[in-house]
Amino acid sequence: MKIVNSWNDFDPLKRVIVGRADNCCISPSEPASEAKVPLDSPMRGMTGPRPLDTVEKANAQLDNLAKVLEDHGVIVDRPEPLQFNQAVVTPFFMTGSQFGCMPPRDVLLTIGSDIICASMSFRSRFFEHYCYHKNLREYFEKDPEFRWFYGPRPQLSDESYDMHYWDDVDGHEVTEEILLERTANLEMVTKEHEILFDAADVMRLGKDLFIQKGLTTNWKAMEWLRRMYPDFRVHSLNFPGDPYPIHIDATFVPLRPGLIINNPHRRLPKEQRAIFEANDWEIVDAAMPAHEEPPELCYSSVWLSMNCLVLDHNTVIVEASETAQLEQMDKLGMNVIPVPFRDAYPFGGGLHCATADVYREGECQDYFPNQVEDPTLITYADKRW
Ligand code: DAV
């Protein structure tokens, strides 16, 4: 029985993993994750299990998402939460607690009949892949073509990070302005010491993988994926304008072959558009978010408005309060299913983050047959590490 098959984010969805909010913790600060807690957030310095009422509200919305998907004929699998309020100790680091298993998209990268557990840069997320072992064992037992991979297990010693990333040159706390400059210059908290990536930084379009170079993913990881998939083209994208570039799925989101919505505050620079233009892909500005602030105790930005889950080339799930985004989807010719999800945002993201593809109908296609000079293409000769 074929269980695992997915080459992109828009072919008809038939099986998916939906995360859970149980036991989720606000992890202690660590070299990688301090990055994602905005400088003015009340979450800075907070740690420990999240308040139980917020966990219950998030789980209610996650369960409702699972039900909506099942009503649309999608098989839904769920992870097994760990007791995340435990320290992680390895020969190379220790940290006081773990994180959670709400966003499977960060951990699991599905490429065809392969699922790769990502080489994640957050120490608190080192063991998170275990939440999905039950699912992956089942796929392995039933689907003879399913291949279960791990990215190289990172050491995550201090050598992997710029330990002064959160300081300015005088040793004071960095400002957002400085962070914007650093990220625009592709200076990230994660260095090129070892292979590091989150699965949610990878946008899959058939034979092409477009990967965000950001706080959570480095060039060595792109080179590793290039070697894993020698018949593929691996591209490095970056989006100036985001002081905390983590994950591509609130920035650059494909809706169907030939159409991508792009965060208007983080536009893809002109020189990186050649491959899309040469192949008649349209890149349109996403609608403005309905909210000025993310919900309380949330790591992500208001741009989770565009973090939608595409069910097929004509159908998309969008967060129910995102009126402008709902309207834009309609104008772009999509049937829209509104689903309330803001209570789940603080646990690690939106509708796309909260899911991981297991099966979408369809095969590996070449959406970019017209080759042009493409500065985004990863090659060993041009390596930047
Ligand atoms: O805009 O904060 C969130 C993506 C979470 N997977 C943002 C990106």
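In which order do the strands of the open sheet with S7 stand? The order is S7-S8-S9, and the pairing in this open sheet of three strands is mixed. The structure is a predicted model, in which local features need pLDDT of at least 70, side-chain atom pairs count only at pLDDT 80 or more, and totals for chains, interfaces and linings use all residues. Residues are numbered from 1 along each chain as its sequence is written, and side-chain values use heavy atoms, with hydrogens and water left out.

**Two open sheets**

Helices (H or I, at least four residues) and strands (E, at least two) are DSSP runs, numbered from the N terminus. Two strands pair if DSSP finds at least two bridges between them. S7 and strand S8 (residues 114–117) run antiparallel and are joined by four bridges; Leu 109 has Ile 116 in S8 as its bridge partner. H3 packs on this sheet and touches S7, S8 and S9, its direction making about 140° with that of S9. Contact here means heavy atoms within 4.5 Å, while axes are lines fitted to C-alpha atoms, for helices over the stretch in contact, and angles run from 0 to 180 degrees between N-to-C directions.

An open sheet of three strands with mixed pairing also has the order S4-S1-S19. Strand S4 (75–77) and strand S19 (355–360) are its edges, each with a single partner strand, so one side of each is left without a neighbour in the sheet. The twist averages 25° from one strand to the next. Strand S1 (residues 13–18) pairs with S4 in the parallel sense over three bridges, and Ile 17 has Asp 77 in S4 as its bridge partner. Helix H1 (residues 52–71) packs on the sheet, touching S1, S4 and S19, and its direction makes about 165° with that of S1. Helix H3 (residues 133–142) lies across S1, S4 and S19 and runs at about 145° to S1.

On a 1 Å grid over the protein atoms alone, a cavity is a set of points where a 1.4 Å probe fits but cannot get out, and a pocket is an open set with protein on both sides within 12 Å along at least five of seven lines; lining residues have an atom within 4 Å of a point. Grid points are joined across faces, edges and corners, and a volume is the space filled by probe spheres set on the points. The structure holds five cavities of 30 Å³ or more.

| Space | Volume | Lining by class |
|---|---|---|
| Second largest pocket | About 190 Å³ | five nonpolar, one polar and six charged residues |
| Second largest cavity | About 100 Å³ | nine nonpolar, one polar and two charged residues |

Ala, Val, Leu, Ile, Met, Phe, Trp, Tyr, Cys and Pro count as nonpolar, Asp, Glu, Lys and Arg as charged, and the others, Gly among them, as polar. The lining of the pocket includes Arg 50, Lys 57, Glu 296 and Phe 347. Among the residues that line the cavity are Asp 9, Met 203, Phe 252 and His 352. Strand S13 (252–256) and strand S10 (202–205) each supply at least two residues of the cavity lining, and the largest share, three residues, comes from S13.
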